[in-house]
Structure formats: structure tokens, C-alpha cells
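This briefing covers selected features of the structure shown below.

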Amino acid sequence: MESGQVAADMKAVAKQPPDPTAVQRLSTFPYYNSLLHTTCVATMLSGGHAPNALPQTARANVNCRIFPGEDPQEVHKTLERVVNDPKVRVSIVPQLAPDGKVVPVVPVPPSPLLPEVTMAMERVLSIVWPGVPLVATMSTGATDGKYVRIAGIPTYGISCMFFDKNDNREHGKDERVGVQDFYDGVDFNYKLMKELSSSR
């Protein structure tokens, strides 16, 4: 779907090993930058006990979106190295699985693109939205899919709704999707589940 240098760079980063020059060029685009490697951002800050006193303690929650297969312990060590201050403690916030157990801090592998899934998607796409290409992407966010991926179960998120690309409200208090887009997405998912469960 891309052309010129961007298309060439995408092909170059998909090779093993990825072309570092292509990675550098694509990293100038914020969206592609967030897909090419682990990103860490301070999302919550707190400190002090009164508005008229110097804070004795401060805390920052740093949210890391770890690239599939990368070791979280290495990310932790990198953060400690970047902070470079013995008075600052960097610790991993324990994450709980839906059953309440602590999730092990291990590398989470990417899911392979299984032909039986992609072919079912292609068939449903050709019926519901003829001409719309199937494009596999990696989310810049995180999902509960990591729990089953750790267990070795390939997991996919299906983007089955259209959004206004100039009206991005993700994680905002007014996050929303169009009514018709919602119902179209429900219909698409229903048809996809039927296709995936058929005896074809």
C-alpha cells in the first residue's frame, strides 16, 4: 500500500536481520517508530505531600510497550542504565492474569500468520468489503492476548471497524466508534467466526 522509499524501507526491515538504515528512516515517522522497537513513556507522575513543601519522594509509572520476543528483564536493565542514579529504584509492576495469578515476566513471542486464518479473512473481506486489502499489522498497544501467546497459542486482534483517521480518540474520555461502523464490525466478526468454524 506504500510506494517509493517508504515501501522499500518496509521490505528492508522485514528481512532478517533488518536493515538498520531503513529502521532509522522509518523511525522518523512516529507511528512506524512505535512499531519497530520497544517504547517506554512516563504515563503517571506523583510526588510530594503538600503544595507548599519540597517533595521528599516522587514516583513515575513508566509504561513500556515491549517488542515481541524482546526480554522484559533487558528492558528493565536499560531503564536502570538510563536513569543512572543509585537513589532511584526501578522496579517492575507485577501484572495479574484474569485468574489473579502474577504473570511471569518473560519474552512474549509474536503469533505466526496462519494460512487458515488469513484465508478465512480474505474470503469474508471479499464478501463484506470487496476490494479492501487484508493487511497484517502489529498493534502499538498491548492486549490480554499475551497470556495465551505465552502459552503457545497464536492470538490475533481483528480490526473489523472503520474509523475516522483524523478523529483519533483512543483512551480519551470520549473514545467512541460510529454506530453503523459498530454494527458493520459485529456483522463482519459473525461472518468470520462462521467461516473459521466451517468444515471447509
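In which helix does Val186 lie? Val186 belongs to helix 7, which spans residues 179–196. The model is predicted.

**Surface patch**

- Val186 is one of the residues of a nonpolar patch on the surface, together with Phe163, Val177, Val179, Phe182 and Tyr183.
- The accessible area of these residues together is about 590 Å².
- Val186 has a relative accessibility of 41% and therefore counts as partly exposed, a class that lies between the limits of 20% and 50%.

**Nonpolar cores**

- The largest nonpolar core consists of 8 residues, namely Ala120, Met121, Val124, Leu125, Trp129, Cys160, Phe188 and Leu192.
- At least two residues of this core are supplied by helix 5 (115–128), and at least two by helix 7.
- Helix 5 contributes the largest share of this core, with 4 residues.
- Another core lies apart from it and has 7 residues, including Val6, Ala22, Tyr32 and Leu35.
- Trp129, a member of the largest core, touches Val124, Cys160, Phe162, Asp184 and Phe188, when residues up to four places away in sequence are not counted.
- Cys160, also in the largest core, has a relative accessible area of 6%; because this value is under 20%, Cys160 is classed as buried.

**Disulfide**

- The structure contains 1 disulfide.
- This disulfide is formed by Cys40 and Cys64, whose sulfur atoms are 2.1 Å apart.
- Distant parts of the chain are linked by the pair: Cys40 is in strand 1 (residues 39–47) and Cys64 is in strand 2 (residues 58–65), and the two cysteines are 24 residues apart.
- The torsion about the S-S bond of Cys40 and Cys64 is about 115°, and the disulfide is therefore right-handed.
- Cys40 is partly exposed, its relative accessible area being 32%.
- Cys64 is likewise partly exposed, with a relative accessible area of 23%.

**Helix 1 and its cover**

- Helix 1 comprises residues 4–13, and its buried residues are Val6, Ala7, Asp9, Ala12 and Val13.
- Helix 2 (20–26) and helix 3 (30–36) are among the elements that cover the buried residues of helix 1.

Key:
Residues numbered from 1 in each chain as written. Predicted model: local features only at pLDDT ≥ 70, side-chain atom pairs only at ≥ 80, totals over all residues. Heavy atoms only, no water. Patch = residues over 30% accessible without salt bridge, like charges linked within 9 Å, V, L, I, M, F, W, Y side chains within 5 Å. Areas by Shrake-Rupley, 256 points an atom, 1.4 Å probe, with all protein chains shown as cover. Salt bridge = Lys/Arg side-chain N within 4 Å of Asp/Glu carboxyl O. Buried < 20%, exposed > 50% of the residue type's maximum accessible area, 1.4 Å probe, protein only. Core = buried A, V, L, I, M, F, W, Y, C linked by side-chain atoms within 4.5 Å. Contact = heavy atoms within 4.5 Å. Disulfide = S-S within 2.5 Å.
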